[in-house]
Amino acid sequence: MRSSILALCAALGTVAAVAVPLMAVQDQPHPTVSVQSKGAPSGNSKSPEVKDEGERVFKQNCARCHNSPNGFSSRITGTIVRHMRVRANLSSHDEQALLKFFNQ
Amino acid sequence: MRSILLSASRLAGSLLLLSATLSAWTNAKAQDTPLISGSAGFVTNTTGGDTSYIPVFAPLAALPLGQHLMVESRGGVLELFTPAASGYNHSHYAALTYLQGNYFATSHLTVVAGSYLLPFGTYNERLTPTWIGNFQDEPLMESLGLMSGGIGLGGQLRGPLVSRPRYSFDYAAWYSARSANSQFKADRSSGGRGSFYFPQQRLEVGASFGRLMQGTHENFAGAHLWWQTKEAGFRFRSEVARGQHAYGYWFEADGRPFAFGKLDSFAGRIEPVFRMQQTFRIDNVASDSLPSVNTQRADFGLDYNLPHNTRILTSYSRQFASTGNVNIWETGIVYRFLFPVWKGHKQ
C-alpha cells in the first residue's frame, strides 16, 4: 500500500514538474491567435455562416480530428499551418487560406 | 537500465538537435518560428481490479526550413507503475515516435522521407496523439495494416489530388525498408490510402491497402467513414480492416452539448464519447497483436475540456471474450502545450 502511494506521488510529481514550467512558458505575453474567437465552433450560433475560405478549411479539416486549442502565439501560425498541410493533406491554396484566417 | 538511458538521451538529443541546429535560422519568417507542442499527462488503467499508473510526456517539434521544407518529430516518454505481488513494479519507456522531413514539391504533392506514421486507415496518423484521442486506449484492431509498429522508414508521397467545392480526393502512398534499429524499427512494406471528402455533407470515405514484404508476405485492406455535423458538435468515426489472419472494426461517436451553452460554459465543456469494437480471428497463425479469440468491447467515456488546453478523460469499458469478460476503468488528465521555440522576429 505504501509503495503504491509512493508510486502515485512520484507520478503526480513527474507530471507537475513537466506541466507547470510549460504552462508558465505558454502563458508568456506573446501576441496570440484565438481560434475560437475567429469562428471555430462556439455553440452559440443558430445559423453559422462560413465567413471565408480559411474558416471553411479550418472547419472541414482541422475540426474533423481535434478541438481547437485555446490560443497560440502568432509567431508559430505559419509552422502550424504547414504541419497541418502534411497531416491533413491540404493543398497550398488551402494552406494560404488557413494562414489568412489565422491572421485576421 | 543502460538501454533506457540511451533511449532517453537519443530522444532528448534528437529533439534538441531539431531546435538547436536551426537556432541559426535567424532569417525565418515571423510566423515560421519552430514550435514545440505535445502533451503531458497522467493516466490510470484498472483492468480486472488491477490498477496501473502511467505518467506520460509526448513532445512534438516542427521546424520549417525555408518555403519548401519542414522537419518534424514526435517522441514519447512514459513511466509505468504496475501492481505486483507486493507493491508496484516500475518500468520506463522512451522513444521517438517518428522523425520525418517534408518537401512541398507542388500544390498537390508532398514528399515525406524518414521515419513516419504509416498512412493506413485513420487512427494511426490522426488520433494517436494523447491530446487528441477521446480514449486512452487505441482500438483493439488498430495493429491491422500497421505492420509491427505503425512506423515506416523510407519514403511517402501524399497530398490532395483534386480539391473542388463539392468534393476532394487526397492520397498517401508509402514504401518502407526493413530496419532493426531500436529507435527506427520498421518492416519492409508498401501501401497507401485514398479518401474522398464531401464538404457539404461533411462526409469522408476512404480505403487503405498495405502489403508486408518480409517474412510471410501478407496483404491488408481497410476502409473508413467519418462524418460530422455542420458545427462539429457531433463527430462519428469508423474503420474496418482485414488481414489474412484476423479482421475487425470500430466506430466512435463524440459530441459537445451545444444546446446547453457555449463551448466554454460548464455544460459545453462536457464531451460524452462512445466506442464499439469487435475483432475476429480467422486462424491462430497470428502475425498481428489482435486478441487471440473473437472479442467484443463497448467503451463509454465522459471527457471534460478544462481551460488552458487541459482535458480530463474518463471511461468504462466492458470486454467480452471466450477467455473471460473483463471491466476496464480508465481516468486521465492531459495538458496540451504549444509554443514557439524562441521569441522570433516581430511582425
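The model is predicted: local features need pLDDT of at least 70, side-chain atom pairs count only at pLDDT 80 or more, and totals for chains, interfaces and linings use all residues. Residues are numbered from 1 along each chain as its sequence is written, while chains are lettered from A and ligands numbered from 1 in the order in which they are written.

Start with chain A. Chain A has 4 helices and 2 strands. Both kinds of element are DSSP runs numbered from the N terminus, with helices being H or I of at least four residues and strands being E of at least two. From the N terminus on, the order in chain A is α-β-α-β-α-α. Of its 104 residues, 46% are buried. Burial is counted on C-beta atoms placed from the backbone: a residue is buried with 20 or more others within 10 Å of its own, exposed with 12 or fewer, and partly exposed in between. Among the contacts in chain A with a separation of 6 or more, 66% join residues 24 or more positions apart. A contact means that two C-beta atoms, placed from the backbone, lie within 7 Å.

Two helices of chain A cross. The axes of α2(A), residues 53–65, and α4(A), residues 92–103, come within 7 Å and cross at roughly 105 degrees. Axes are lines fitted to C-alpha atoms, for helices over the stretch in contact, and angles run from 0 to 180 degrees between N-to-C directions. The two helices are therefore roughly perpendicular to each other, a label for angles of 65 to 115 degrees. On the α2(A) side, the contact is made by E53(A), G54(A), E55(A), V57(A) and F58(A). On the α4(A) side, D94(A), A97(A), L98(A), K100(A) and F101(A) make it. By class, this contact has 5 nonpolar, 1 polar and 4 charged residues.

Chain B comes next. It holds 2 helices and 16 strands. Buried residues make up 42% of its 347 residues. Of the contacts in chain B with a separation of 6 or more, 54% join residues 24 or more positions apart.

β12(B), residues 246–255, pairs with β13(B), residues 270–281, in the antiparallel sense over 9 bridges. Strands pair if DSSP finds at least two bridges between them. F251(B) stands opposite M276(B) in β13(B). β13(B) also pairs with β14(B), residues 295–306, in the antiparallel sense over 10 bridges. There, E271(B) stands opposite D303(B) in β14(B).

Now look at a loop. H68(B) lies between β2 (50–65) and β3 (69–83) of chain B. H68(B) is partly exposed because 13 other C-beta atoms lie within 10 Å. Not counting residues up to four places away in sequence, H68(B) touches Y103(B) and F104(B).

The largest nonpolar core has 37 residues. Such a core is a set of buried Ala, Val, Leu, Ile, Met, Phe, Trp, Tyr and Cys residues joined through C-beta atoms within 7 Å. Those with the most contacts inside it are I80(A), M84(A), L98(A), L35(B) and A62(B). The elements giving two or more residues are α2, α3 (77–87) and α4 of chain A, together with β1 (35–47), β2, β3 and β16 (326–340) of chain B. The largest share, 7 residues, comes from β2(B). I80(A) touches F72(A) and L35(B), not counting residues up to four places away in sequence. A second, separate core of 24 residues includes Y116(B), L140(B), L146(B) and A186(B).

Methods. Parallel < 35°, antiparallel > 145°, perpendicular 65-115°, else oblique. Nonpolar A, V, L, I, M, F, W, Y, C, P; charged D, E, K, R; others polar.
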